[in-house]
Amino acid sequence: MEKPVYILGIESSCDDTSASVICNEKILSNVVANQEIHAKYGGVVPELASRAHQQNIVPVVQQAIAQANIKKEDLSAIAFTRGPGLMGSLLVGTSFAKSLALGLQIPLIDVNHMQAHILAHFIKEEGTTPPPFPFLCLTISGGHTQIVKVSDYFKMEILGETIDDAVGEAFDKSAKILGLPYPGGPLIDKYAKLGNPKAFAFTKPKVGDLDFSFSGLKTGILYFIQKQQRINPNFIEENLNDICASIQYTIVTILMDKIKNAVKHTGIKHVAIAGGVSANSEIRNRLQLAQKHWGWSTYIPKFEYTTDNAGMIAISGYLKYINNQYSDVSVTAKARLKVTE
Ligand code: KG4
Ligand code: ZN
């Protein structure tokens with residue numbers, strides 16, 4: 001029997017410090033330290049994020065190795081997020097990964113964070129089947145909104161993307177208008193469960209067939225709320241569930257319309273979602289309905305692999321490792337990196 005491959009994945013692109021150990025395609029541990037500090041400021045403060053990464057990285061890695069029940073000497077390689085993300089945050093993970101790989105004298109593997117969100121679908125889990133190539137992936141996070149055609153593990157093509165805000169920003173900025181703390185996406189999801197999605201109607205943007213735009217929607221929501229508050233100062237408190245349900249319904253309908261267009265254009269009916277916003281219950285439900293009604297086969301990641309996590313970095317590292325795609329120690333972090341790079 002071939003020796004198992006153990007990869008340590010390290011993720012530090014934004015405000016979550018995470019480390020994970022994978023054995024071949026199976027996750028043994030996936031530790032995430034969220035940085036609470038940013039809620040106070042209503043968004044991620046880059047300077048504070050790098051500092052928190054610096055504090056968290058050693059204990060998070062130690063915990064991931066301990067939970068996996070291995071020794072660091074068992075590791076075959078270290079994979080880390082090279083970008084895209086906040087430079088100061090990326091540098092912490094990059095430097096740490098380099099030093100550890102050098103110390104253990106094992107290969108170093110750089111991973112593209114956006115590819116990793118998609119490749120999370122190849123983590124082996126009981127009851128899940130990975131999507132077959134080619135498939136379409138709706139990649140929806142706090143920084144990106146894209147429809148990607150995935151022809152192979154590292155062969156991806158962007159078919160459409162946002163021309164302004166990312167969908168995660170649309171959730172978070174709407175939540176801010178409602179006075180909810182950062183990140184507001186999960187809170188909108190929570191209150192929406194108790195509300196009527198048809199209570200209020202918001203105008204959907206008009207952009208290219210496969211492109212997205214969310215900045216107009218955000219402004220529309222802001223004007224609507226301001227107008228209602230002039231009539232009733234308690235409008236938000238009295239209607240929070242209905243407002244959240246209506247916002248979420250509008251955003252998810254925009255996403256579903258676009259992915260429907262992409263299926264029509266490409267004829268590809270294997271549809272996956274990835275990224276933090278794929279944790280949203282409404283998009284998960286609507287995609288399941290699409291499977292039933294339109295004969296798509298849909299792929300919804302396990303909840304813990306949706307928002308930023310190192311499990312997705314570890315699986316990407318594994319897929320590179322088996323092809324001997326190692327990085328040189330001179331590799332540098334990159335704040336801007338396309339899913340195709
Ligand atoms: O992928 P991710 O963890 O970080 C980036 O790479 O951006 O995505 C974070 C985004 C945030 O905007 C957050 O509000 C959103 O994902 N998010 C959600 C939900 N969970 C996380 N948005 C809507 N509903 C959710 N349940
Ligand atoms: Zn992400």
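The reply below begins with the metal site and then turns to the helices and the loops.

Modeller: Please bear in mind that this is a predicted model. The zinc ion (ligand 2) is held by three residues: H113 and H117, each through NE2, and D308 through OD, at 2.0 to 2.1 Å. Written along the sequence, the spacing of these donor residues is H-x3-H-x190-D. H117 and D308 connect distant parts of the chain, being 191 residues apart. H117 belongs to helix 3 (residues 113-119), whereas D308 sits in the loop between strand 10 (297-299) and helix 9 (311-321). Both H117 and D308 are buried. Water is not among the atoms, so the site may look incomplete.

The helix packing may be taken next. Two packed helices are described by the angle between their axes and the distance between the axes. For helix 1 (residues 46-67) and helix 2 (residues 87-104), the axes come within 8 Å and cross at roughly 30 degrees. Angles under 35 degrees count as roughly parallel, and helix 1 and helix 2 are therefore roughly parallel to each other. Their crossing is right-handed. On the side of helix 1, the contact is formed by A49, S50, H53, Q54, I57, V58 and V61, and on the side of helix 2 by G88, S89, V92, G93 and F96. Six of the residues in this contact are nonpolar and six are polar, with no charged residue.

A second pair is formed by helix 4 (167-177) and helix 7 (residues 235-266). Their axes lie 11 Å apart, and the packing angle is about 165 degrees. Angles over 145 degrees count as roughly antiparallel, and helix 4 and helix 7 are therefore roughly antiparallel to each other. The crossing of helix 4 with helix 7 is right-handed. Helix 4 contributes V167, A170, F171, S174 and I177 to the contact, while helix 7 contributes I236, I247, Q248, I251 and L255. By class, this contact has eight nonpolar and two polar residues, and no charged ones.

P84 lies in the loop between strand 4 (77-83) and helix 2. P183 is in the loop that runs between helix 4 and helix 5 (185-192).

Q105, in the loop between helix 2 and strand 5 (108-112), has a phi of about 55 degrees. With a relative accessibility of 73%, Q105 counts as exposed. N324 has phi near 55 degrees and is placed in the segment after helix 9. N324 likewise counts as exposed, at 56% relative accessibility.

The C-alpha atoms of K40 and I109 are separated by 35 Å, the two residues being 69 apart along the chain.

Key:
Residues are numbered from 1 along each chain as its sequence is written. Chains are lettered from A and ligands numbered from 1 in the order in which they are written. This is a predicted model: local features need pLDDT of at least 70, side-chain atom pairs count only at pLDDT 80 or more; totals for chains, interfaces and linings use all residues. Side-chain values use heavy atoms; hydrogens and water are left out. Donors are N, O and S atoms within 2.8 Å of the metal (3.2 Å for Na, K and Ca); water is not among the atoms, so sites may look incomplete. Helices (H or I, at least four residues) and strands (E, at least two) are DSSP runs, numbered from the N terminus. Buried means under 20% relative accessible area, exposed over 50%, partly exposed in between (1.4 Å probe, protein chains only). Axes are lines fitted to C-alpha atoms, for helices over the stretch in contact, and angles run from 0 to 180 degrees between N-to-C directions. Angles under 35 degrees count as roughly parallel, over 145 as roughly antiparallel, 65 to 115 as roughly perpendicular and the rest as oblique. A crossing is left-handed if the near helix is turned anticlockwise from the far one by less than a right angle, and right-handed if clockwise. Contact means heavy atoms within 4.5 Å. Ala, Val, Leu, Ile, Met, Phe, Trp, Tyr, Cys and Pro count as nonpolar, Asp, Glu, Lys and Arg as charged, and the others, Gly among them, as polar.
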